[in-house]
Amino acid sequence: MKEPTLVIMAAGMGSRYGGLKQMDPIDPQGHVIIDFSIYDALRAGFQNIVFIIKREMEADFRAIIGDRIAKKANVSYVYQDLQNLPDGFSVPEGRVKPWGTGHAILSIADVVDGPFAVINADDYYGPAAYQKIYDYLTTHEDDALYRYAMVGFLLKNTLSENGHVARGVCQVSGEGYLTDIHERTHIEKREDGAAYTEDDGKTFTSLSGDCTVSMNLWGFTNSILTELKDRFPAFLTQAMEENPLKGEYFLPSVVDSLLKEGKATVQVLTSTDRWYGVTYKADKAVVTAAIQQMKDQGLYPQNLWD
């Protein structure tokens, strides 16, 4: 089996956070969240890293994070380009927003030819998540079905004190397989768990804090790239009609379609680690304190790459 690759989605615009949060240091040593992700991934066994970035941020990205990681792993860069569309399609006038996570993953097709894990650049997942996904990718292959995996987190371990969040709320079978995933774009923390709204706050539906959510940590065989490519034109056709400036090609939506069509299985590898991220600027202080506490406990060295 081919060695798995870690694919890091770092081309997001960070609109709610107010900047390129992927490059914002979270400790006195100048580490960013990606440093801890890669440190955990290397400990789990990953050796190959692919960064998905925007072309215009490459110089800064290399200087802040990429060059030091290149001393520890095999590093490649690909670009999520708004103009990278199938024949017959063009970018709508006024569109500046990227085409979403599904489009981002399509950009790795020329550099990844084996199994791979996908993470968000601005999310801290914890060591267990990387070990679970690496172990899966090195022991499973497609057969009559696509054999994918995701690391699921407990909703209560992923909420922000500073505003609402978007999460993929999952239904998991008794055998540990994903049966359904619904993108809930407005989830708020509550005293007894959480609640989401789909009508701008007019009504809310309760969610258990112990329900499983996707934080975009997936494990795929190379077959997902073919499916993403084949389904992209149909998405674009619909998006051009319904939401040309903001429609997004979501990776979880494609996975959900494959499940409903009976073409794939997704094994859910549950982590009880606390997830940390910087959805809002005020979240940074929480992440910084948590990272320092983990260093003080000996889970990480003060300087990761010395």
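Which residue just after H6 takes a positive phi? Gly262 does, with a phi of about 70°. The model is a predicted one.

## Helix H6

Helix H6 spans residues 251-260 and is mostly covered, with 7 of its 10 residues buried. The buried residues are Leu251, Pro252, Val254, Val255, Asp256, Leu258 and Leu259.

These buried residues of H6 pack against both helices and strands. The helices are H3 (101-106) and H5 (223-242). The strands are S6 (146-154), S8 (178-190), S11 (212-220) and S12 (264-271).

## Helix H4

In helix H4 (residues 127-137), the buried residues include Ala129, Tyr130, Ile133, Tyr134, Tyr136 and Leu137. They lie on the same side of H4, because they cover an arc of only 160° around the axis.

The buried residues of H4 pack against helix H1. Their other partners are the strands S1 (5-9), S4 (116-120), S6, S11 and S12.

## Packing of H1 and H2

Helix H1 (residues 33-44) packs with helix H2 (residues 58-69) at an angle of about 15°, and their axes are 11 Å apart. The two helices are therefore roughly parallel, a term that applies to angles under 35 degrees. The crossing of H1 past H2 is right-handed.

On the H1 side, the contact is made by Ile34, Asp35 and Ile38. H2 contributes Phe61, Ile65, Arg68 and Ile69. By class, the residues of this contact divide into 5 nonpolar and 2 charged, with no polar ones.

Notes. Residues are numbered from 1 along each chain as its sequence is written. This is a predicted model: local features need pLDDT of at least 70, side-chain atom pairs count only at pLDDT 80 or more; totals for chains, interfaces and linings use all residues. Side-chain values use heavy atoms; hydrogens and water are left out. Axes are lines fitted to C-alpha atoms, for helices over the stretch in contact, and angles run from 0 to 180 degrees between N-to-C directions. Helices (H or I, at least four residues) and strands (E, at least two) are DSSP runs, numbered from the N terminus. Angles under 35 degrees count as roughly parallel, over 145 as roughly antiparallel, 65 to 115 as roughly perpendicular and the rest as oblique. A crossing is left-handed if the near helix is turned anticlockwise from the far one by less than a right angle, and right-handed if clockwise. Contact means heavy atoms within 4.5 Å. Ala, Val, Leu, Ile, Met, Phe, Trp, Tyr, Cys and Pro count as nonpolar, Asp, Glu, Lys and Arg as charged, and the others, Gly among them, as polar. Buried means under 20% relative accessible area, exposed over 50%, partly exposed in between (1.4 Å probe, protein chains only). The arc is that of the directions from the helix axis to the C-beta atoms.
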